[in-house]
Amino acid sequence: MLGLLWLIPALPFAGFAILALLGPVISRTLAAVVGVGSVGLAALITLLVGADFMASAGGHGYSQTLWSWMDVGGFNPGITLYLDSVSLLFVVVITFVGFLIHLYSAEYMADDEGYSRFFAYMNLFVGSMLTLVLADNLLLLFLGWEGVGLCSFLLIGFWYRDPYNGYAARKAFVVTRVGDTALLVGMFLLFNNLGTLQIQELMQRAGQSWPVGSSLAVAAALLILGGAVGKSAQLPLQTWLPDAMAGPTPVSALIHAATMVTAGVYLIARTNAIFLLAPSVLQLVAIVGALTLLIAGFAALAQTDLKRVLAYSTISQIGYMFLGLGVGSWSAALFHFFTHAFFKALLFLGAGVIILALHHEQDMHRMGGLRKSLPLTFWTFLIGAASLAALPWVTAGFYSKDMILTEAWVSGPSGQLLAAAGFLGALVTSMYTFRMVFITFFGRERTHVTRRPELRISAVLVILAFGALAAGLLELPKNILGGLPILSGFLHSALPAEGAHEVSTSTEWALQIVSALLSLGGIYVAYLLYYRTDRYAEDPSRAPWGAGLNRFWRSGWGFDSLYDLLFVRPYVAFARINKGDFINAIYEAVAGLNVLFHRVLSSTESGIVRWYAAGIAAGAIIAVAIGVIR
Amino acid sequence: MAAVPIEHGLVLAGLLFILGVVGVLVRRNVIFVLMSIEIMLNAAGLAFVTAGSRWQQADGQVMFLFILATAAAEVSVGLALVLQMNARFKSLDTDAASKMRG
Amino acid sequence: MNVVFYISGAIAVVATFMAISRANAIHGLLYMVLSLLSLAIVFFSLGAPFVAALEVVVYAGAIVVLILFVVMMLNLGPDNIRREARLIGRGVWVGPGILGVLMAAELVYILAGGASQPTGAGMVDPKQVGLALYGPYLIGVELASTLLLAGLIGAYHLGRRHQPGATSEEE
């Protein structure tokens with residue numbers, strides 16, 4: 001069964017090929033069947049392969065080489081797929097959540113004209129993402145990396161007739177490009193010094209050749225971090241994700257919540273050995289995560305567009321994952337990835353239902369009272385929001401977030417500072433989450449519902465809601481039911497040992513109660529401010545001191561203006577200066593000089609006798625002078 | 001007769017020649033140009049005569065004679081051309097006859 | 001004799017300068033005659049009486065007079081004189097003046113180099129010149145006469161006025 005591994009990425013690629021070639025001529029139903037079915041089949045095969053893997057391979061990874069990519073001067077990466085527990089986890093999430101989202105889109109995009117094109121791009125995306133996580137060497141990983149970047153671009157700008165969508169797609173592509181370049185340079189560095197890009201081999205050689213804290217390791221780790229930061233929309237490259245909400249909502253759910261933006265997390269987890277060799281960079285990962293989660297959290301408090309709240313929320317939650325990676329607790333980060341995939345996808349899909357129901361209305365302040373008009377959506381959305389806000393002890397989000405914060409707290413004095421940031425972030429998270437819930441679902445109905453979701457959408461929402469609650473059972477901490485470390489045990493075979501900090505049960509309880517208080521506290525504050533919409537007058541954003549802060553947070557802490565000032569304006573100014581192409585001007589100057597000389601010389605042919613006589617006289621003087629004066 | 005240093009004679013010839021050149025370059029009236037050319041030829045002849053006097057030979061004066069003949073022939077042809085020029089351009093300005101410009 | 005040389009030399013230079021800087025053509029030519037006469041005296045002081053006589057007779061008496069005749073024949077009038085005066089204003093003299101100064105400087109530089117050599121004290125009389133002309137320079141004499149013939153014919157042909165419509169050449 002393990003031999004069927006190659007089918008998992010191949011099926012979505014095949015789906016893409018069929019839809020790209022035959023899309024315009026086949027019926028919508030057939031396009032949907034191909035598009036959804038390819039991912040569904042991939043999910044099925046994942047089940048089979050996963051079962052076989054867990055039964056047999058156990059500790060080591062399983063490698064399947066399809067063919068050799070190139071063999072040049074000792075550099076011979078292959079198209080090789082590598083399955084271990086980490087990649088299996090990601091594959092499961094990608095195929096299952098991907099399948100659910102594809103099923104959802106079959107109904108969501110039903111009256112859109114680019115139906116088959118949409119599924120073609122989505123399949124290409126799923127195939128590329130699977131390539132990324134199943135890649136055995138960094139080159140193949142980079143292929144998948146670029147592929148998902150391309151699909152992100154194509155899908156954000158899916159409704160290409162609106163120029164804003166094209167702008168958002170370009171922005172996403174360019175900003176992640178900065179990260180991609182860093183990753184590429186990092187790959188060059190690694191290959192140049194260690195002679196291979198095969199990941200397992202690489203980590204072994206790095207461990208042997210580089211001492212801990214060596215500058216090469218630091219450089220390589222920094223560059224890889226740069227790539228991860230770009231793809232995962234962390235500081236300082238987070239500016240593209242809010243604008244990426246211009247794409248269709250299933251795209252936001254799949255790419256910008258569950259899978260592509262977690263590619264950075266996957267990358268760091270995969271190349272963990274290099275990061276362990278550069279502890280300063282690992283510390284930096286945690287700091288980046290902590291800062292990002294706070295910045296994005298506060299920014300989410302001030303948004304009015306429903307999807308933008310969720311976008312900033314995604315940035316913030318991935319900050320938590322980075323924080324987990326940075327303090328060395330790899331499985332905590334991946335656990336949070338797992339739960340986040342479920343509840344964030346659920347929230348996005350629910351938002352999609354609302355937007356479609358209100359005929360493409362995205363401003364939260366024009367919604368309201370949807371609790372009664374869209375009951376199923378309301379309850380599933382509430383479950384997703386509860387998981388996001390880490391409602392204590394019953395939601396998956398609580399356990400994963402708690403695991404990260406606990407591990408951070410016990411990892412040392414700096415860890416306590418980071419954990420404190422995480423706790424503050426948790427408070428803010430529940431505040432903005434329930435602000436979103438209260439404004440959207442409660443109060444007076446401002447826009448009337450014109451369309452209700454049908455079977456496919458509703459079924460998907462329910463399944464995801466179940467996951468948002470139950471996924472927490474994969475990893476229960478010690479104080480609850482004696483602990484159920486299923487996930488960390490599963491991942492242990494592929495990840496290095498976590499900093500073996502023993503956590504006492506009392507510490508666990510203490511931290512969990514703090515978490516719980518913060519989460520409930522945030523909900524309460526949101527209730528006070530936003531539950532009854534006639535309380536808007538007390539909303540701090542209306543106060544004079546609050547309005548400026550509100551604007552600042554809504555613009556995402558002014559990063560867009562900063563980058564515009566630092567990078568865009570000088571570049572555009574330079575381009576304008578170079579509009580005449582000053583390199584070309586040098587060549588034209590040579591020609592111009594020639595013309596000038598021609599003009600000067602031809603002006604001496606004036607036809608006037610005196611002028612010629614003067615020339616003779618001057619020439620005679622010069623000739624005599626040369627002859628006489630030596 | 002006490003001797004005059006040959007340099008002084010040559011300097012005189014040179015000065016006259018330079019005045020002739022300046023005359024050619026400054027004046028636009030073709031009559032004056034011809035006149036300045038005559039001055040130049042005359043100065044050259046003076047130089048020859050001075051040299052002949054230095055060596056006490058007749059050759060200098062013979063050269064002067066030939067220069068004289070040349071000047072006479074040249075001035076007659078030149079004046080004929082001046083007449084033609086006046087008939088065609090209705091002026092004696094050399095700048096008017098600049099149709100061979102580039 | 002030296003004094004005569006220097007005085008007439010100075011007169012010649014001044015007269016030549018006046019000749020080239022007059023607005024009226026007649027005045028210029030008359031100053032030229034004066035210059036030529038002074039030069040004849042210079043020739044005489046250098047011990048060359050033959051060319052002194054030739055200078056007066058041929059140069060001043062024939063060539064300059066010829067030019068004078070043509071000027072009078074053209075009959076240009078006072079407007080022409082006024083226009084001429086405008087054309088030789090101050091600015092025109094600068095460039096040629098500089099060239100002239102440079103030439104003079106070179107001349108002095110060249111001449112100051114060698115040792116001073118005096119001209120002969122004696123005179124080269126016409127008889128000697130005649131013997132030279134009919135001796136070694138005979139061919140030159142014949143050629144000069146041919147040149148004069150060519151000049152004659154050329155002047156005649158070029159000076160002819162074309163009757164309007166009488167010839168097919170360009171008008």
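In which handedness of crossing, left-handed or right-handed, does α6(A) pass α8(A)? The crossing is left-handed, meaning that the near helix is turned anticlockwise from the far one by less than a right angle.

This is a predicted model, in which local features need pLDDT of at least 70, side-chain atom pairs count only at pLDDT 80 or more, and totals for chains, interfaces and linings use all residues. Residues are numbered from 1 along each chain as its sequence is written, and chains are lettered from A and ligands numbered from 1 in the order in which they are written.

**Helices of chain A**

Helices here are DSSP runs of H or I with at least four residues, and strands are runs of E with at least two, numbered from the N terminus. The axes of α6 (residues 163-194) and α8 (residues 215-231) of chain A come within 7 Å and cross at roughly 150°. Axes are lines fitted to C-alpha atoms over the stretch in contact, with angles from 0 to 180 degrees between N-to-C directions. α6(A) is therefore roughly antiparallel to α8(A), a label for angles over 145 degrees. Residues of α6(A) including A:V175, A:L183 and A:N193 meet residues of α8(A) including A:L216, A:L223 and A:K231. Contact requires C-beta atoms, placed from the backbone, to lie within 7 Å.

Helix α18 (residues 396-409) of chain A has 14 residues and reaches 20 Å from its first C-alpha to its last, close to the 20 Å expected at 1.5 Å a residue. The expected span is 1.5 Å times one less than the number of residues. Because 14 of its 14 residues are buried, α18(A) is largely enclosed by the rest of the structure. A buried residue has 20 or more other C-beta atoms within 10 Å of its own.

Chain C has seven helices and zero strands. Of its 171 residues, 29% count as buried.

In chain B, 63 residues are in contact with 69 residues of chain C. α1 (6-26), α2 (30-55) and α3 (59-89) of chain B each supply at least two residues of that side, and α3(B) gives the largest share, 23 residues. Between chains A and C, seven residues of chain A are in contact with seven residues of chain C.

The table gives residue classes: Ala, Val, Leu, Ile, Met, Phe, Trp, Tyr, Cys and Pro are nonpolar, Asp, Glu, Lys and Arg charged, and the others, Gly among them, polar.

| Contact region | Residues by class |
|---|---|
| Side of chain B that touches chain C | 42 nonpolar, 15 polar, six charged residues |
| Side of chain A that touches chain C | seven nonpolar, no polar, no charged residues |
| Contact of α6(A) with α8(A) | 13 nonpolar, seven polar, two charged residues |

Methods:
Two residues are in contact if their C-beta atoms, placed from the backbone, lie within 7 Å. A residue is buried if 20 or more other C-beta atoms lie within 10 Å of its own, exposed if 12 or fewer, and partly exposed in between; C-beta atoms are placed from the backbone. Angles under 35 degrees count as roughly parallel, over 145 as roughly antiparallel, 65 to 115 as roughly perpendicular and the rest as oblique.
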